[in-house]
Structure formats: structure tokens, C-alpha cells
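I opened this notebook to record what I looked up in the structure. The entries follow in the order in which I made them.

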Amino acid sequence: MDVSVERGAIPDSTAPEPGGESPEAGCAPQAAPEAARDLAPAVTLLICTTCRAPGNDAPPDAERDGARLLASACAASLPEGVAVEGVAVEGVSCLANCKRALSAAMVRRDGWTYVFGDLSPDSAADLLTGAALLAGSQDGLMPWRGRPDALKRGMVARVPPLTLPKETR
């Protein structure tokens, strides 16, 4: 199966950072809102672009570690043997998980959402592997087996879908 990693943009009220493109921009244009539900990818990987890695004392106008992680995720391909269609990679200005930066979230269409922290700027391959696992799961949960260590140690929360059947609550 071919790997399809898309990059879109999440509407945000913050102004773009100096030097060009908004840090929330993703890998490719996103569908119009009315078509978004029908065209939504299996999993959307949201990467906080305003995060700074712990100990980063760079000047305020320097590129953020989260923005570098987003760029790496857009440039990366899934590890060999991991394939999935419909994984979108997008940036978001803040996931409010600053004490555990760098942060990312994975939202599965009609499935569970995962929030991760304590990531590093080179966690892109781990995030894409996790997104592929989540997209390919039968029950909408990310399987523990095969999950990269960074996503095992760094899990902050698992949020159920709004459509969760009562018998599984």
C-alpha cells in the first residue's frame, strides 16, 4: 500500500511568524470545510509549532523546535514495513502542554485522540509510525505493540471519540 502523507493548515487567529509561511501550515492545502468530513484523512497528526525543547535558550524570533519537528514530519517517510493511506500532518500554534514540550496530538476520524509530550525535534519518524498504527487499527485505538518508545513514554492523554458506544465507556 502506498503511503500518503498530506499537509494542510488549521485555521488559527495568530499571525504568521516573521520570515514567511505560518508555522501552522501543513504539508499541502486542505479541503474546504464543507467537504472536510467526507475527505478527512484517517488520522491527522497535529504538531505544536510554538513548542521549544527544554533548555532551548534561543532568541524569541528564532525558529521554534516544534516548527522544525513539523518540517521533519512533512519531509519524512514512514519507516520500512509501515504503510497507510490518509495520514495528514498539520501544525497548530499551541497544544497547551508546555511543561512536557515538544507536543503532538493524533486525531483518528471516528476514533480515539492521543496527546504526546516530551518529544524531541527528531521524533518525526516515531510520530508517523504511531499515526500509521492508529490509522490501521481495527478498534480505533493505537496498539501498544509496535508503538515507538517515545510514544509509550510520552503519552499525556487518550481521549475517546464523541461517538463512543455506551458499552465501551
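I first examined the packing of helix 2 and helix 3, whose axes lie 8 Å apart at an angle of about 60°. Axes are lines fitted to C-alpha atoms, for helices over the stretch in contact, and angles run from 0 to 180 degrees between N-to-C directions. Helices (H or I, at least four residues) and strands (E, at least two) are DSSP runs, numbered from the N terminus. The two helices are therefore oblique to each other; angles under 35 degrees count as roughly parallel, over 145 as roughly antiparallel, 65 to 115 as roughly perpendicular and the rest as oblique.

I noted that the model is predicted: local features need pLDDT of at least 70, side-chain atom pairs count only at pLDDT 80 or more, and totals for chains, interfaces and linings use all residues. Residues are numbered from 1 along each chain as its sequence is written, and side-chain values use heavy atoms, with hydrogens and water left out.

I then listed the residues that meet: Leu69, Ser72 and Ala73 from helix 2, and Ala124, Leu127 and Leu128 from helix 3 (contact means heavy atoms within 4.5 Å).

Next I checked the loop between strand 3 and strand 4, where alanine 96 is found. Alanine 96 has a positive phi, near 55°, without being glycine. Alanine 96 is exposed at 68% relative accessible area (buried is under 20%, exposed over 50%, partly exposed in between; 1.4 Å probe, protein chains only). Leucine 102 also has its place in the loop between strand 3 and strand 4, and I recorded a cis peptide bond from alanine 101 to leucine 102, with omega near -5°.
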